[in-house]
Amino acid sequence: MRIATYNLGWASGGRPIVEGITLEVKSGETLGLIGPNGSGKSTLLRLLAGIAPRPQGHVTLEGEDLRRMKRRDIARRIAFVEQQADTAEALRVRDAVALGRTPWLSPLAPFGAADAAICAKALAHVGMAQMADRSWSTLSGGERQRVHIARALAQRPQVMLLDEPTNHLDIHHQLALLRLISDLPVTVVIALHDLNQAMGCDRLAVMEGGRLAAIGPPAEVLTQTRLGRIFRVGGRALHDPTDGATQFRFHCLEDPL
Amino acid sequence: MSQTVPPAGLALHVALRGMAGGAVLLLAVLAGVILGETPLPWATVHAALANNLWGAGLPVDAIDQGIIWSYRVPRTLVAAACGAGLALAGVVLQALVRNALADPYLLGVSAGASTGAVAVTILGIGAGAIGISGGAFLGAALAFGLVAALARAAGGGPAQMVLAGIAGSQLFNALTSFFIAKSANAEQARGIIFWLLGNLSGVRWPDVTLAVPVAIIGLCVCLWHMRALDAFTFGADAASSLGIAVRRVQIVLIGAVTLMTATMVSLVGSIGFVGLVIPHAARLLVGPRHGRLLPAAALAGAVFLIAADVASRMLIPGQVVPIGVVTALVGAPGFALILIRGRGRT
């Protein structure tokens, strides 16, 4: 499913947080959102999800304006995994994932066997099947993050928006999650801090001060100049001869080389 | 809920639970009618109920019949409706505000309802047009509006909501005291203060026809939105991305809470702790999912307030202790337990 924005922006207290974003993510594509802290990545994701109030410009889903769609119809197409969504409720993992079925249920179509199967599959996808009956408060940060992703998968979306989903995860689960996402047959927009992980995306969008500084294939976008100007680091590209992949080794610009 | 239950089994499950809940409620109401300052034997109670419900024509003392049918039955039914309504209000506010401390009392809704009711009773503002219940509703809506606006201006988090609620409660309680000091005579003042502490003595049948439908409608509105309430578990943004029309749901549910609180406060005064403690107790019993939590809290609230009413009549022989005093005597230790338990969890 294709998601596009035209001149998208959002202001808080008269101060623009994000402005003038025009981009298009093709069906099945994985777009990585990168940029320094406070560059507007999270706000852009909230705008794409249609949950930021009073946006400027607009977002379209397969050409249809998000503002003209019902919340439930949006939620059947777009799943959003926020950063650090927490609860004090003594909720079980199973129940947290079942929340993902909300847009598909109604008082006349209650949670049934098919929904339970979808939830079980989503939990298995993130390697949490054996923890279905654990209470939320007993989970580690990484486990909570994986439950959130399972909840998003249970929504059966065609577009997934993920705000730094690899935070709190150990290295195994970071790599497993990134592989899971790239294997999903859905459109993905994912905010990432690790530029080496971002290299695995189809395209990268670089945010700077609320604006889109560049968009394109990772190798074209992550140039020395841009790394220096936007991220204030130097980066040396290293090539892995086993598969020809490129990884960066970063250093502070102030450091002697 | 999320276990794999075939639809027919699920319906049977729900029906059985409903019947069990109804039976518990019926027993509690009967106990509320039998117990009191003058304990009445079951035979008398049965005869009085049978005479009034299906004209059985059994011989009963006219005074006993009057005590049972005109006094104890409506009083017990209103206690049940109030308990259920306040507990539901607590469940909904705790889910929407995402704060374990939220209840109609703490968020200033009860205080606003009291101010509205007192304004109508003493100052006679719009007494003919809106009545005490209407005044209470306007007061409650105004109080909640002010508290919500203040919380929003302060940053809009769950903690700000509770702080704003405390400010709102203080303001409206002060307004109530001001109205009483300015305009009430000594006799009126004594009556109003007694009523403010919670009092079911004056309840008659017309009050039942207001309280019971409001509680039932409130329960239905909340149950209709049970999935939306579940979706608020991770906050309003998460609810929105799960397909909930957050603003509309908030308005409908806050409206239901305001209606329930205002009705109950206008009938029996401001009764604290029911909306706070009962939802937590119900959560301990049936878990946090609203499909079970809402009916459980309504039932527990109804039974609790019937018990509190019976206790208020029997605690000191020949004297009625305000029911708010009884609920606070039970509620304060209950609240302490919640606080201690919450500390252990984080």
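Here are a few exercises on the structure above, each with a worked solution.

This is a predicted model, where local features need pLDDT of at least 70, side-chain atom pairs count only at pLDDT 80 or more, and totals for chains, interfaces and linings use all residues. Residues are numbered from 1 along each chain as its sequence is written, while chains are lettered from A and ligands numbered from 1 in the order in which they are written.

**Exercise 1.** Work out how helix 8 and helix 11 of chain B are oriented to each other.

*Solution.* Start by finding the two helices: helix 8 of chain B covers residues 205-224 and helix 11 of chain B covers residues 246-268. Helices here are DSSP runs (H or I, at least four residues), numbered from the N terminus. Next, take the angle, which is about 160°, with the axes 10 Å apart. Axes are lines fitted to C-alpha atoms over the stretch in contact, and angles run from 0 to 180 degrees between N-to-C directions. Angles over 145 degrees count as roughly antiparallel, so helix 8 and helix 11 of chain B are roughly antiparallel.

Now look at who touches whom (contact means C-beta atoms, placed from the backbone, within 7 Å). Helix 8 of chain B brings residues including B:Leu210, B:Val214 and B:Gly218, and helix 11 of chain B brings, among them, B:Ala256, B:Met260 and B:Thr263. Sorted by class, that contact has 12 nonpolar, two polar and one charged residues. Ala, Val, Leu, Ile, Met, Phe, Trp, Tyr, Cys and Pro count as nonpolar, Asp, Glu, Lys and Arg as charged, and the others, Gly among them, as polar.

**Exercise 2.** Check the length of helix 11 of chain B, then see how covered it is.

*Solution.* The expected span is 1.5 Å times one less than the number of residues. As for cover, 17 of the 23 residues are buried (20 or more other C-beta atoms within 10 Å of their own).

**Exercise 3.** Describe where chain B touches chain A.

*Solution.* Count first: 23 residues come from chain B and 29 residues from chain A. Helix 9 (226-231) and helix 10 (236-241) of chain B each supply at least two residues of chain B's side. Helix 10 of chain B gives the most, with four residues. By class, chain B's side has 11 nonpolar, seven polar and five charged residues.

How values were computed
Angles under 35 degrees count as roughly parallel, over 145 as roughly antiparallel, 65 to 115 as roughly perpendicular and the rest as oblique. Two residues are in contact if their C-beta atoms, placed from the backbone, lie within 7 Å. A residue is buried if 20 or more other C-beta atoms lie within 10 Å of its own, exposed if 12 or fewer, and partly exposed in between; C-beta atoms are placed from the backbone.
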